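User: Hello! I am new to this structure and would like to walk through it with you, one question at a time.

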Amino acid sequence: MNEEMAKNLCQKMVEEQIIATERGVKDSRVIEALLRVPRHCFVTESQQKYAYEDRPLSIGAGQTISQPFMVAFMTEILALEGEERVLEIGTGCGYQSAVLAEVAKDIYSIEVIDSLSQKAKSTLSLLGYNNIHLKVGDGYGGWPEEAPFDAILVACAPVQVPEKLIEQLKPGGRMIVPVGEQVFGQELLYITKNLAGKVQRKKVMSVRFVPMIKGE
Ligand SMILES: C[S@@+](CC[C@H](N)C(=O)[O-])C[C@H]1O[C@@H](n2cnc3c(N)ncnc32)[C@H](O)[C@@H]1O
């Protein structure tokens, strides 16, 4: 796909799928970020023609790149202003990490499948991102050595909210996480920790994410 074609498709994706929807994303920094990140660079060559469509796509190893709207919505809800340290669970192809890296200071992203993490690493370095730190492992336990985080984004669905992730959230921090036992019946939860450390959970919408895999 040439650069001009990708830019046009990306512009159309953002206008039609991200802004002009019922729950339309309004944060201009998130909108700009989606316009800047070349989504087709994160998928295999055979999938590139679908990269700007309104759906998840296969990235290999039985995993997917999330639907563009979901990436934008989950980024917006974290209310990032530029100086935050963000933990992401489920690097996948690295697209969501790149969007986060456009609106926050440092991104720490964990992926349980080694081959996906390696591929994401090479894509992100080719695109020149140097504020994304990748690790292979089970994200259920978070990244205690780098905690606490201003925000946490979970891109795969655990059966319950991992307590370790809540512990690694700063006072004043927020987390977005899909929770549920099966692909059907998952809820996206928005979790906040106030300055006194009190945690609140709010259901945002029903979603379908790949399940969180238990690592070794
Ligand atoms: C929907 S995909 C992520 C999409 C990704 N954010 C993107 O932009 O492509 C979910 C990812 O979570 C990963 N995953 C599943 N269980 C995990 C775990 N326990 N720890 C870390 N990553 C996990 C999967 O391998 C998969 O790559």
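User: Where does Ala79 lie?

Analyst: Happy to start there, and please keep in mind that this is a predicted model. Ala79 has a positive phi of about 50° although it is not a glycine. As for its place in the chain, Ala79 lies in the loop between helix H3 (68-77) and S3.

User: Is Ala79 buried or partly exposed?

Analyst: A residue counts as buried if 20 or more other C-beta atoms lie within 10 Å of its own, and as exposed if there are 12 or fewer. Ala79 has 13 C-beta neighbours inside 10 Å, so Ala79 counts as partly exposed.

User: Which loop holds Ala61?

Analyst: Ala61 is a residue other than glycine with a positive phi, near 55°. There are 14 other C-beta atoms within 10 Å of Ala61, so this residue is partly exposed. Its loop is the one between strand S1 (57-60) and S2.

User: Which residue in S4 stands opposite Glu88?

Analyst: Strands of a sheet pair through backbone hydrogen bonds, either parallel or antiparallel. Strand S3 (residues 85-89) and S4 pair in the parallel sense, over five bridges. Opposite Glu88, the residue in S4 is Ser109.

User: And which residue in S6 stands opposite Leu87?

Analyst: S3 and S6 run parallel, and four bridges join them. The residue in S6 that stands opposite Leu87 is Ile152.

User: How many residues of strand S6 are buried?

Analyst: Strand S6 covers residues 149-154. Besides its pairing with S3, S6 pairs in the parallel sense with strand S7 (residues 169-179) over four bridges, and Leu153 stands opposite Ile176 in S7. S6 is largely enclosed by the rest of the structure, because the number of its residues that are buried is six of the six.

User: What kind of peptide bond leads from Ala147 to Pro148?

Analyst: Pro148 is found in the loop between S5 and S6. Omega for the bond from Ala147 to Pro148 is near 5°. The bond is cis.

User: Which element gives the most to the shell around the ligand?

Analyst: In total, 25 residues surround the ligand, and the closest are Gly90, Gly92, Gln96, Gly139 and Cys156. The elements that give two or more residues to this shell are strand S2 (63-65), helix H4 (95-103) and strand S4 (106-111). The element that gives the most, with three residues, is S2.

User: How many residues of H4 are buried?

Analyst: H4 is one of the elements that give two or more residues to the shell around the ligand. Its buried residues include Tyr95, Gln96 and Val103. H4 is mostly covered, and the count of buried residues is nine of its nine.

Terms used: Residues are numbered from 1 along each chain as its sequence is written. This is a predicted model: local features need pLDDT of at least 70, side-chain atom pairs count only at pLDDT 80 or more; totals for chains, interfaces and linings use all residues. A residue is near a molecule or strand if its C-beta atom, placed from the backbone, lies within 6 Å of it. Two strands pair if DSSP finds at least two bridges between them.
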